[in-house]
Structure formats: structure tokens, C-alpha cells
Amino acid sequence: LPTRAGSSLEPEERSMEPQAEPEEEVPITAAPGPAGCQLFGYVGIEAVLDQMKIKTMKTGFEFNIMVVGQSGLGKSTMVNTLFKSKVSRKASQPGQEERIPKTVQLQSITHVIEEKGVKMKLTVTDTPGFGDQINNENCWDPIIKYINEQYERYLREEILITRKRKIPDTRVHGCVYFIPPTGHWLRPLDLEFMRRLSKIVNVVPVIAKADTLTLEERAEFKQQIQEDLKTHAISVYPQEDFDQDPDDRVLNNRIREKIPFAVVGADQEHQVNGKRVLGRKTKWGIIEVENPTHCEFPLLQDLLIRSHLQDLKDITHNVHYESYRVRRLNESSRP
């Protein structure tokens, strides 16, 4: 009987082995190709875009921008022009005499801007006193400290056991650096600031008050700045290393050819050909800040708001904050 039972079990085991072979061949139906992904009816996957839009409109989103440069370069005016509202620190403190501080002081103002039902919590950080002293050695230290403090604040909230469902985001998503319109080359202060800050934040350089330069001077100055940035290996936004999609690379290459943007800011409207436009009135005419033939302010506005705002936030979170998080966790794990 044992031999018969053993002999009867052997064919059963052999009969089970061939049944496993067809299961291995099943993935043939999952071969890549559009034929295996075609739908024979409406599913409603596209509705997730509407869901995301409705959720964003209800909760809103945060965007934090920093402006850095010497006093008198039109930083506050430029911010007001970007968002077409009084969001600069000057607007919130009317009637007060502005004095140049002896050291770099950082001032942040938060506003809630709403457009077509979409709410944006905008935080503008100004840096009065930067580059205004005779000795500007290490004047970027308070700015670096502030940016790292925002990363540290986010990290502390993130590693809590019971953390908030939505962590308040005070991290600086973009830093607009105002270059004086000298028309010659970048100063050592400009080079050292962008070299240090570009490693921890998205730096967007602009030529301030570009209407003080002729078109020839503007083109030469821009070319000289691009050469200086390349010589000193300074990677400003949009960084070439972070281009993932070929289409994004083509778009960003066009932007990199124009950087730094030669901009003109104005928060007052004027009448031009029967239309109200933002501009600066001079004896020989009106400089329209939103006219691409007059200045490159529209390119800056498109970059910061209309085309790359989410990308600025993504790179801040996935690259700059991530490198800070890894460094801090490595430090804390050391004995």
C-alpha cells in the first residue's frame, strides 16, 4: 500500500507542474502598447483634474518670494507690479520715513491674494540694508540664516509623531536678485551672493531699472553677465541639471538665453492709445512695463507666476529642502 500510495502521488505531482506553466505565460496579454490600454467606454479618469482644481480653490496655496538688492533699485515697486497689488513693505507702512539699516534686516509681509476663486497666500521677504554699507563683507549671512531657518521649521513639523495634516510652508520658493544697471560687469558682491545662495534657493537675477540703459548697453551687459555666471559656475534658475522632460528643456533653454531679465517696474497706470497701462512716464514718452518691446518684465512675470510657479515650489521641496533634510538628519545621527 505505501508503494501504491507513493506511486499514485507521483503522477498527481507531475500533473500539477504543467498547470503552473500557463500562469507564467499570462503576462503576454500585458505587453506594452496602446492596444492593451484602449478603453471601450467612458471611465471618468479626467475628472481627477476637476477634483484637484476644486480642492486647490478651497484650500488655496502658498508662495514665498524674496527680493534682494541695494536700496533704490525698485524692489518694492517690482513686487507690486508682479502681483498688481500693494504687497510690498512700503505699502504696509505709509507715512514712515525709510532709513537704511546699519545691518541687513529681513522683513516679511504676508497677504492673501484671490483671483477667479483661487486663493494664494503670498509672503514677500525684503532685505533692507543689503549692499548699502561701505563694508559689505558677509552681508549675505542673515539671508542664508533666514532661508535655513525656514527649512528647519518645516523639518521639525515633518518629523513629529503627530504632525499637522498640512504643514505651514514658509520656505523661500524664489529669490529675485536685483543687479544694478552699471552696464559693465557683475560686482564681486553679486557673484559671491549668487554663488552662495544658488546652492540653497532658486535665484532669479534681473537687471533693475533697465530703462537707464540703451538697447545696445543692455544687450552687452546681459551677455557679460551670462559669461560671468558661466565662468564662475553659478547655476541660477531654471537650473539645467533639473530639466527632466525634453519639452521642458527646450522651454528652459529659451529662458536661459534671456536671463538676466532687463526689467522696469511701475505700479501706476497711464493712458496710452485709449487704454490704461502700467508704465513710467518720462518727457519723451511712457515706458510700458508689460510691453515686450519696451522691457522684459512680461518674461519675469511668466516665469515666476504663469509658467514656473509650481516648478519653483517642486524644486524647493525636492532639491533644496531635501539636501538640507539629508544633511540635518546625518548630523543628528552622528554620535
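Strand 1 (residues 61-68) and strand 3 (residues 118-126) of this predicted model pair in the parallel sense, over seven bridges. Helices (H or I, at least four residues) and strands (E, at least two) are DSSP runs, numbered from the N terminus. Two strands count as paired if DSSP finds at least two bridges between them. Within strand 3, Lys121 stands opposite Glu62. The model is predicted, so local features need pLDDT of at least 70 and side-chain atom pairs count only at pLDDT 80 or more, while totals for chains, interfaces and linings use all residues. Residues are numbered from 1 along each chain as its sequence is written, and side-chain values use heavy atoms, with hydrogens and water left out.

Strands of a sheet pair through backbone hydrogen bonds, in either the parallel or the antiparallel sense.

Strand 8 (residues 275-282) and strand 9 (residues 285-288) run antiparallel and are joined by four bridges. The two strands form a hairpin, with two residues between them. Arg280 has Ile287 of strand 9 as its bridge partner.

The largest nonpolar core has 74 residues. A nonpolar core is a set of buried Ala, Val, Leu, Ile, Met, Phe, Trp, Tyr and Cys residues joined through side-chain atoms within 4.5 Å. Buried means under 20% relative accessible area, exposed over 50%, and partly exposed in between (1.4 Å probe, protein chains only). Helix 5 (residues 141-158) supplies the largest share of this core, seven residues. Phe193 and Leu197 have the most contacts inside the core. Neighbours within four places in sequence aside, Phe193 is in contact (heavy atoms within 4.5 Å) with Val68, Phe130, Trp140, Ile143, Cys175 and Tyr177.

A search of the whole structure finds 16 salt bridges. The criterion is a side-chain nitrogen of Lys or Arg within 4 Å of a carboxyl oxygen of Asp or Glu. Lys84 counts as exposed, at 53% relative accessibility. Glu290 is partly exposed, with a relative accessible area of 32%.

Two further pairs involve helix 10. Arg325 forms a salt bridge with Glu322, the closest N and O atoms being 2.6 Å apart. Both residues lie in helix 10 (residues 309-333), three residues apart, about one turn of the helix. Arg325 is partly exposed, with a relative accessible area of 24%. Glu322 is also partly exposed, at 28% relative accessibility.

Arg328 forms a salt bridge with Glu331, and the closest N and O atoms are 3.6 Å apart. Because Arg328 and Glu331 are three residues apart in helix 10, about one helical turn separates them. Arg328 is partly exposed, with a relative accessible area of 26%. Glu331 counts as partly exposed at 39% relative accessibility. Arg328 and Glu331 are linked with Glu152 and Arg156 in a network of salt bridges.
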